[in-house]
Each structure stands twice: as structure tokens, then as C-alpha cells.
Amino acid sequence: MGARQGSAGGAEGVDGAEGVGGAGGAGGAGGAGGAGSLAARVTYLLEPKNWLIVTVVAVGAHADGLAGAGWGLLAAFFAAVLPTVFISYGIRRGRWEDRNVGARGPRLILLAFITAPVAAGLILLATLGAPALLTDYLGFMLASVAALAAVTVVWKISIHCAVAAGSVTILALLYGPPVLAGFGLVGLLGWSRVAVRDHTAAQVIAGSVLGAAAAVLAYSLL
């Protein structure tokens, strides 16, 4: 979901695989040299957390101007910041190797965890009177996390690309066609996920299609 996105994945970079340093951790599994280093940096800069922060703030602003953007920042704390903290904690405890959390088991644990802060944020924002558009977005995010987890059980779909494509789609529906230029970044991200050998081309394409479709569905329902 993008902005109401099933923006797939609802939080941090749960995408990824063995041996890729999620940060500027250049090179990673993506191969030596400049291309691998660039791909790792692109993966880091365009990880789900960053898309979600931009998206929830933009959705809030669309709903209620500056006040709505403030609500969006609060939503970002639950949807992006808390999952990031959990991922960092897991790295320090040796539960997973990097920010991308590539192994299937830990990935499913992370997706399950994400539902807790997103649900808490949804309840808090609804109780405090946040714009309905934003709370609806968080609700659809929960559904998207469940859908991504179901796919992840059997296949390593790209959550990075699902979140990115969903974000661009929902923001284009809210703000207009010029936002569709953001799909250039989605394409760049897809290239990086393949280049660092975290995903196949089929997995990044499937993630992108699922994220965009979820965003369209969310927009039609909410």
C-alpha cells in the first residue's frame, strides 16, 4: 500500500538477503567494484522507512494541511521509527546480520512485530482525532503487512519495491500525475536490489506490481 498503501511492508527495510550491509555498506553481496557499491547505497537511501516517512507526512498534509503533516510525523514514529529501532536492536543482539533482514524466518518475525506499533499508532491517532485519511492509511498498512507476510512464507518478494511502488502510486492519486515520475526511483531501487543479489528481477517486479495494485485498491476503498 503506498500511502494508504498496502505500502507494503509497513516499516523498515525488511527486504534483503544474506550478506548485504544495509547501510552504505557498499559492496555487500552485490559484487565488487563501483556498481556494487552504488547499488548498496541506493538500497539504503531508498529503503522502506524513508518512503513511509515521506508518504505518511504527505498523506496527512493532503488531508489537513500543516496540521495534517504534524499528524503524519506522529504516524511515522509508529510506522517507520519504531520498526527501525527494533531492527537495530536485532542487529546488536545478533538476531540478523544487517538492516535488510534477509533470512525468511527473521523476516517473518519482523513483519509480525511491525503490526504492533502500526496498530498502536492507528488506535492513538484515531483516538486523538487525526484525519480519517491518515488513519485509513494505517489501517490498510496493517492489511498490507499481512499480505506481504503471506507471500514471504513461500517466496521472497521484494518488500523494498512493494513499499516504493505503493508510495508513488498513492501519492500520484492524491497529488496528480507529476508524482508518477517517482517511478524512476522505483526502477532504480529495483535495479539495486537485483545488483546486490538480494532479489531476482521477477521478485522486484512482483513487489512493484503488488505495491502499486494495493495502493490503487486502497484509494478506491478509502
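These are my notebook entries on a predicted model of a protein chain.

**Ground rules**

I count residues from 1 along each chain as its sequence is written, and I leave hydrogens and water out, using heavy atoms for side-chain values. Because I work with a predicted model, local features need pLDDT of at least 70 and side-chain atom pairs count only at pLDDT 80 or more, while totals for chains, interfaces and linings use all residues.

**Entry 1: the whole chain**

I started with the secondary structure and found 7 helices and 0 strands. Helices here are DSSP runs of H or I with at least four residues, strands are runs of E with at least two, and both are numbered from the N terminus. Read from the N terminus, the order is α-α-α-α-α-α-α.

Next I looked up burial. A residue is buried under 20% relative accessible area, exposed over 50%, and partly exposed in between, with a 1.4 Å probe and protein chains only. Of the 222 residues in the chain, 52% are buried.

Then I turned to contacts, meaning heavy atoms within 4.5 Å. Among contacts with a separation of 6 or more, 79% join residues 24 or more positions apart.

**Entry 2: helices H6 and H7**

How do the axes of H6 and H7 cross? They come within 9 Å of each other and cross at roughly 150°. For the axes, lines are fitted to C-alpha atoms, for helices over the stretch in contact, and angles run from 0 to 180 degrees between N-to-C directions. The crossing of H6 and H7 is right-handed; that word applies if the near helix is turned clockwise from the far one by less than a right angle, and left-handed if anticlockwise.

On the H6 side, I noted Val186, Gly190, Arg193 and Val194 in the contact, and on the H7 side Ala201, Val204 and Ser208. Sorted by class, that contact has 4 nonpolar, 2 polar and 1 charged residues. In this sorting, Ala, Val, Leu, Ile, Met, Phe, Trp, Tyr, Cys and Pro are nonpolar, Asp, Glu, Lys and Arg are charged, and the others, Gly among them, are polar.

I picked out some H6 residues to look at one by one. Phe183 belongs to H6 and is partly exposed at 32% relative accessibility. Leaving out residues up to four places away in sequence, Phe183 touches Ala165, Val168 and Thr169. From Phe183 to Ser167, 16 residues apart along the chain, the C-alpha separation is 9.7 Å.

Is Gly190 buried or exposed? Gly190 is buried, at 9% relative accessibility. Beyond its neighbours within four places in sequence, Gly190 is in contact with Cys161 and Val204. Gly190 and His160 are 30 residues apart in sequence, with 8.2 Å between their C-alpha atoms.

Ala195 is also found in helix H6, and its 22% relative accessibility makes it partly exposed. I found 9.8 Å between the C-alpha atoms of Ala195 and Thr43, which are 152 residues apart in sequence.

Arg197 is exposed, with a relative accessible area of 63%. Its phi is near 65°, a positive value in a residue other than glycine. I noted the value because most residues other than glycine have a negative phi.

**Entry 3: aromatic rings**

How many aromatic pairs does a search of the whole structure find? The search finds 2. Rings of Phe, Tyr and Trp (its six-membered ring) pair if their centres lie within 6.5 Å; planes under 30 degrees apart count as stacked, over 60 as edge-to-face and the rest as tilted.

Phe77 and Phe78 form an edge-to-face pair, because their planes stand at 85°, with ring centres 5.3 Å apart. Phe77 is partly exposed at 38%, whereas Phe78 is buried at 13%.

Phe86 and Phe113 are stacked, with 3.8 Å from centre to centre and 10° between the planes. Phe86 is in H2 and Phe113 in H3 (residues 104–128), so this pair ties together parts 27 residues apart in sequence. Phe113 is partly exposed, with a relative accessible area of 28%.

**Entry 4: a threonine in H2**

My last stop was Thr84, in helix H2 (residues 48–92). Thr84 is buried, at 12% relative accessibility. A polar atom of its side chain lies 2.7 Å from the backbone oxygen of Ala80.

How values were computed. Polar contact = N/O pair within 3.5 Å; in protein donor to acceptor, adjacent residues only side chain to side chain.
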